[in-house]
Amino acid sequence: MLRRELLHREWRSFRRPGRLIALAAAALAVIALGLLAALGNHSSCAGPCPTTPTAADGSVVSDRFWFLHRDLGRDGAITVRMTSMTGTITYPPPDHDQIVSGLVPWAKAGIIVKDGLRQGSAYAALMMTGSHGVRMQYDYRHDIAGSTGTVSPQSPRWLRLTRSGDTITGAESADGQQWHTVGTATLSGLPNTVQVGIFATSPGDLTLRRVGLGGAVEEARFTQATGVFDQVSLAGAASGGWRSEAVGEMNHTDWEKYHNASGAVEKGGAFTVSGTGDIGPGSGEGARTAESTLPGLVIALIIVLVVAARFGARPGSPPSTGRVVAAGAVVVGAASLVTGLVAVGVVLPAGTAILRGNGIPVQPISLLTGARVVVGVAAALALCGMLAYGLGVLLRRRWAAVLAALALVALPYAATAVPLLPDAVSQWLLRLTPAAGFAVQQTVVEYPQVLAHYAPSAGYYPLPGWAGFAVLCAHALAVLWPAVGRQPPGQATDWR
């Protein structure tokens, strides 16, 4: 155990006005830049802004599709035969006039049971996709795989959704005789009457444009999907006919206005439904995440590294015992921890509140997740400070210790936070360097059924938070262990 007197002595040595002012500046940088970024974001709609779809738990989702629907009671079913699924993809400038036939991998067309027409309401859908076969998806996050393959008049797919109270069961068939259950969903709290019918939607195709030294920024291409259905049968449907309308805004693009509007057409007992958009987890238009309130973290990290490295390599009598070095590391870690707790603990709730007040949607996080971000980032700062202190003890030259700490920690963190390097390089840097520890701040989730740019510059770390933090711990231990054991010539370690 470290003696209290030794810790107190190292604290007295550390608490020079310049160091304390620097750490206060680090905390203020995180708070000020986070609040300024939040204050500078406003909704910029000409008139009322469209409502950002949110699910029952408050999470921002994607929910836009064309819907040909009817009322369905507490018990019933819809069965269709799907004979065709086609689509179009519009290329962005300079090829904006180039429109090709094709389906993006997660284009969707099929049947759906939905709690009304409000975006974000509960649903269960059975669908054919562009290249992932038959899928059953429900409540935006859940995805169950059915059979693989495509659909055509020669190889149709039969789809069926059955409602029994709050339970929705999806089944598929190749011939309408032999049925295979794809999955079952329980949608708690469904009303007595829901909407059931045929839908089509297609998310924007992802294009990556190279920037910097090989980094990439994403651009979306407009797409549209069209499904053809016949032999449609309903059991348990209420009186009334089919109604055709969009869930979410549609038919605003030039392609839809002048070439092929999204909608539904019935001819000879066959229904053709076209739509664009997506149903699933998503960030929504202009939505922010909790960690977007931390643009000043890189500045705080640099300050902490410089202060800690200089303290470890401070002139005068070098540390003569392992206990002195360990005490200094504890003091540096504690000071950095407090800096992080104050900074992130203030800016995270305040920044997200300001964004919401300015009309910017923010993905909600639980109280536990928020606490994990605050404590995790503060702990990562503390370990980075201890690592830099250890480098100072080992190198004994301030400039060398500062450069080593910045190159090892701050440079990988800053370079991977922007689309500068190739994604693969950024991912390996965040697997191997101490910057991996800042994965503790990630709140965004990677979903296999959503095509997105899952790269560090977009907020996606290659390691889960605990694993990234473990990498940082390993680096800190690898530096501190020899630093604690390092002795001036002729002196022995005093472990008393």
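Me: How many positive and negative side chains does the protein chain have, and how far apart do the centres of the two sets lie?

Reply: In this predicted model, the protein chain has 37 positive and 29 negative side chains, and the centres of the two sets lie 19 Å apart. Lys and Arg count as positive and Asp and Glu as negative, while His and the chain ends are not counted; each charge is placed at NZ of Lys, CZ of Arg, CG of Asp or CD of Glu. Residues are numbered from 1 along each chain as its sequence is written.

Me: Why is Leu 39 called partly exposed?

Reply: Buried means under 20% relative accessible area and exposed over 50%, with partly exposed in between (1.4 Å probe, protein chains only). Leu 39 has 46% relative accessibility, and therefore counts as partly exposed. By the definition of buried, 48% of the 496 residues in the protein chain are buried.

Me: Where is Leu 39 placed, and which residues make the nonpolar surface patch?

Reply: Leu 39 lies in helix α2, and the patch of about 340 Å² is made by Leu 33, Leu 36, Leu 39 and Ile 299. Helix α2, residues 17-39, gives the most to this patch, with three residues. Helices (H or I, at least four residues) and strands (E, at least two) are DSSP runs, numbered from the N terminus; the protein chain has nine helices and 18 strands.

Me: What share of contacts between residues at least 6 apart in sequence joins residues at least 24 apart?

Reply: In the protein chain that share is 75%, where contact means heavy atoms within 4.5 Å.

Terms used. Predicted model: local features only at pLDDT ≥ 70, side-chain atom pairs only at ≥ 80, totals over all residues. Heavy atoms only, no water. Patch = residues over 30% accessible without salt bridge, like charges linked within 9 Å, V, L, I, M, F, W, Y side chains within 5 Å. Areas by Shrake-Rupley, 256 points an atom, 1.4 Å probe, with all protein chains shown as cover. Salt bridge = Lys/Arg side-chain N within 4 Å of Asp/Glu carboxyl O.
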